Amino acid sequence: MRTNLSIRLIVMPPKAQPVAIRIELQGISPLVWRRIVVSNQWTFGSLHDYLQWVMGWQDSHAHEFRVGERCIGPDWWIQEIELDGGAQNYQDERRVSVATVVRELGGVGGEFGYHYDMGDSWVHRCVIEMTPAAWPEFELPTPACTGGENACPTEDVGGSHGYAHFLECIGDRLHPEYADTLRWIRGVFDPKGFDLNRLNRDWKPGRRGVR
């Protein structure tokens with residue numbers, strides 16, 4: 001009597017693991033930086049959402065990531081670039097994972113760029129600080145912001161030069177543009193303001209920027 005045995009192999013998807021990334025906003029002083037821990041299974045679309053939140057941006061402008069010679073961005077932005085015939089090196093951010101880029105960059109020490117608002121030209125330097133292979137043996141909830149300093153510039157301030165002028169205006173009550181600048185931002189602005197606890201407490205998946 002012959003018995004046919006069928007064995008079904010179930011391949012489980014790899015477990016999500018944390019990746020630590022340090023983000024620095026280039027070209028301004030004081031330095032604005034954040035350290036985040038995210039899942040390596042996140043897409044770059046999800047990473048964009050979280051970067052907007054922890055940095056303090058409003059997600060009201062175009063953005064793209066730059067990894068080596070290629071760019072990663074939202075579909076609508078790629079379509080606009082295609083109109084100018086320059087989208088050959090672009091990838092949809094919904095189809096690129098953090099794990100893939102970490103592997104391509106060689107893990108710890110690898111760098112990529114995050115560009116936001118092509119008019120004001122905000123450039124963020126993103127450095128991989130720790131990967132799953134180097135992570136301690138304990139569970140850390142993700143995403144999380146684990147460190148940072150200073151407030152993000154206000155939207156539409158005019159890039160690094162405009163931000164320097166903005167700080168000059170609000171820092172001097174006798175400045176001729178002081179009152180107009182305060183009215184423009186609808187209140188006060190503390191360039192050193194950074195609330196780590198609030199960032200982690202108030203984060204909700206899918207939200208973008210500080211509303």
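His115 is found in strand β6 (residues 111-116), where strands (E, at least two residues) and helices (H or I, at least four) are DSSP runs numbered from the N terminus. The model is a predicted one, in which local features need pLDDT of at least 70 and side-chain atom pairs count only at pLDDT 80 or more, while totals for chains, interfaces and linings use all residues. Residues are numbered from 1 along each chain as its sequence is written, and side-chain values use heavy atoms, with hydrogens and water left out.

With a relative accessibility of 13%, His115 counts as buried; buried means under 20% relative accessible area, exposed over 50%, and partly exposed in between, for a 1.4 Å probe and protein chains only. Contact is taken as heavy atoms within 4.5 Å. When neighbours within four places in sequence are left aside, His115 is in contact with Ala62, His63, Glu64, Arg66, Trp122 and Val123.

The protein as a whole has six helices and eight strands. Along the sequence these elements follow the pattern β-β-α-β-β-α-β-α-β-β-β-α-α-α. The protein has 211 residues, of which 45% count as buried. Among contacts between residues at least 6 apart in sequence, 64% join residues at least 24 apart.

Helix α1 contains Leu51, which counts as buried at 1% relative accessibility. Residues up to four places away in sequence not counted, Leu51 touches Ile23, Ile36, Gly56, Phe65 and Tyr114. Leu51 and Ile36 are separated by 15 residues in sequence and by 8.7 Å in space, C-alpha to C-alpha.

Aromatic pairs were counted for the rings of Phe, Tyr and Trp (its six-membered ring) with centres within 6.5 Å; planes under 30 degrees apart count as stacked, over 60 as edge-to-face and the rest as tilted. The count by this rule is 14 aromatic pairs. The ring centres of Phe44 and Phe65 are 4.7 Å apart and the planes stand at 85°, so this pair is edge-to-face. Phe44 belongs to helix α1 (residues 44-55) and Phe65 to strand β3 (residues 63-67), so the pair ties together parts that are 21 residues apart in sequence. Both Phe44 and Phe65 are buried. Another edge-to-face pair is formed by Phe166 and Trp184, at 6.1 Å centre to centre and 75° between the planes. This pair links distant parts of the chain, with Phe166 in helix α4 and Trp184 in helix α5, 18 residues apart. Phe166 counts as buried at 3% relative accessibility, whereas Trp184 is partly exposed, with a relative accessible area of 43%. Ring pairs also link Trp42, Tyr50, Trp53 and Trp203 into a cluster.

The packing of α4 against α5 was examined next. Two packed helices are described by the angle between their axes and the distance between the axes. Axes are lines fitted to C-alpha atoms, for helices over the stretch in contact, and angles run from 0 to 180 degrees between N-to-C directions. The axes of α4 (residues 159-170) and α5 (residues 178-185) come within 8 Å and cross at roughly 115°. This makes α4 roughly perpendicular to α5; angles under 35 degrees count as roughly parallel, over 145 as roughly antiparallel, 65 to 115 as roughly perpendicular and the rest as oblique. The crossing of α4 and α5 is left-handed, a term used if the near helix is turned anticlockwise from the far one by less than a right angle, with clockwise being right-handed. On the α4 side the contact is made by Phe166, Cys169 and Ile170, and on the α5 side by Tyr178, Thr181, Leu182, Trp184 and Ile185. By class, the contact of α4 with α5 has seven nonpolar residues, one polar residue and no charged residues; Ala, Val, Leu, Ile, Met, Phe, Trp, Tyr, Cys and Pro count as nonpolar, Asp, Glu, Lys and Arg as charged, and the others, Gly among them, as polar.

Several loop residues have backbone features of note. The peptide bond from Ser29 to Pro30 is cis, with omega near 0°, and Pro30 is placed in the loop between β1 (18-25) and β2 (32-39). Ser121, in the loop between β6 and β7 (122-130), has a positive phi near 60° in a residue other than glycine. Ser121 is partly exposed, with a relative accessible area of 46%. Asn150, in the loop between β8 (144-149) and α4, has a positive phi near 70°, again in a residue other than glycine. Asn150 counts as buried at 12% relative accessibility.
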